[in-house]
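This report concerns the structure shown below. Keep the sequence and the model at hand while reading.

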Amino acid sequence: NSHDQSITKRIQINYYAVLSDCGMSEARVKRFNVVCLGLVFLLVFSGFNTLVGIQHLILNSAKDPASGGYVDGFYGDGFWSLATVFMVQTAANWIAPSVIALVGPRLVMFLSAITYVLFKAQLLVLNTELLYASSVLVGLGAGLMWTTQGHFLAINSDDNTITQNSGILWAMLMGSGLTGHAFVYFQFKGSEDIDSETRTVVVTALLGMTIAGTFAVELLRPT
């Protein structure tokens with residue numbers, strides 16, 4: 001209602017007054033948020049986008065008794081896992097605006113990032129049921145996260161800054177491909193099968209990046 005909106009507006013004005021006293025203008029806070037949002041996506045998707053490219057190879061090695069990464073009883077498929085992720089993401093896009101309005105964008109972003117953490121963590125144990133359950137979970141998180149990204153970008157931009165801010169965010173997101181893939185390139189060294197030790201090292205590194213990105217959400221400031 002109008003009373004709640006008035007209270008929210010006064011809180012925002014007081015918040016920016018405090019920041020102004022500390023030497024940070026509203027424009028600087030918004031630019032800071034855009035860079036932090038880019039950092040979140042750089043770290044989270046350094047893990048996820050890299051994993052999308054190598055998951056099928058890792059899982060095939062886990063099903064091959066002749067490979068050093070064989071896991072007895074595992075029969076999950078990387079392609080079906082990713083298909084599940086993106087099908088659920090498509091459905092989650094429909095409910096995302098309502099969830100953001102109900103819970104708040106920063107909490108939604110944090111919880112969504114956690115689903116990416118769990119998706120990578122399950123590769124350390126490799127269980128078929130857990131693979132597909134985490135695929136559903138990260139699909140839900142992806143729908144919420146990308147919608148929240150748009151929300152954050154919109155409230156931290158105006159007609160004069162939206163193009164520049166979009167470029168900053170997109171450039172940082174594209175940097176995720178270089179970071180994760182460069183690491184995997186040197187770890188795999190052209191191998192056709194991925195043994196358990198290599199799988200653990202790679203997944204742990206990608207997991208660490210995603211955890212760092214999850215905590216980076218806390219850097220986002222109210223606007």
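**Model and confidence**

This is a predicted model, in which local features need pLDDT of at least 70 and side-chain atom pairs count only at pLDDT 80 or more, while totals for chains, interfaces and linings use all residues. Residues are numbered from 1 along each chain as its sequence is written, and side-chain values use heavy atoms, with hydrogens and water left out. The pLDDT (the predictor's confidence in each residue, from 0 to 100) averages 86 over the chain, and 88% of the residues score at least 70. Over residues 7-13 the pLDDT stays under 50, and the model has 1 contact beyond four places in sequence for that stretch. Contact here means heavy atoms within 4.5 Å.

**Overall make-up**

The chain has 7 helices and 0 strands. Both are DSSP runs numbered from the N terminus, helices being H or I with at least four residues and strands E with at least two. Of the 223 residues in the chain, 41% are buried. Buried stands for under 20% relative accessible area, exposed for over 50% and partly exposed for what lies in between, with a 1.4 Å probe and protein chains only. Among contacts between residues at least 6 apart in sequence, 80% join residues at least 24 apart.

Two packed helices are described by the angle between their axes and the distance between the axes. The axes are lines fitted to C-alpha atoms, for helices over the stretch in contact, and the angles run from 0 to 180 degrees between N-to-C directions.

Helix H2 (residues 26-63) packs with helix H3 (residues 78-103) at an angle of about 145°, the axes being 8 Å apart. Phe-48, Val-52, Gln-55, His-56 and Leu-59 of H2 make this contact with Gly-78, Phe-79, Ser-81, Leu-82, Val-85 and Phe-86 of H3. These residues divide into 7 nonpolar, 4 polar and no charged. In this scheme Ala, Val, Leu, Ile, Met, Phe, Trp, Tyr, Cys and Pro count as nonpolar, Asp, Glu, Lys and Arg as charged, and the others, Gly among them, as polar.

The axes of H2 and helix H4 (residues 105-121) come within 11 Å and cross at roughly 30°. H2 is therefore roughly parallel to H4, a term for angles under 35 degrees. On the H2 side the contact includes Leu-37, Phe-41 and Val-44, and on the H4 side Met-109, Ala-113 and Tyr-116 are among the residues. The residues of the contact of H2 with H4 divide into 10 nonpolar, 2 polar and 1 charged.

| Residue | Relative accessible area | Class |
|---|---|---|
| Ser-134 | 7% | buried |
| Val-201 | 36% | partly exposed |
| Leu-126 | 5% | buried |

Ser-134 is found in helix H5 (residues 128-155). Leaving aside neighbours within four places in sequence, Ser-134 is in contact with Leu-118, Phe-119 and Gln-122.

Val-201 has its place in helix H7 (residues 196-216). Not counting residues up to four places away in sequence, Val-201 touches Phe-183 and Gln-187. Val-201 and Gln-187 are 14 residues apart in sequence, and their C-alpha atoms are 8.5 Å apart in space.

Leu-126 is in the loop between H4 and H5. Its phi is near 50°, a positive value in a residue other than glycine. Most residues other than glycine have a negative phi.

Methods. Angles under 35 degrees count as roughly parallel, over 145 as roughly antiparallel, 65 to 115 as roughly perpendicular and the rest as oblique.
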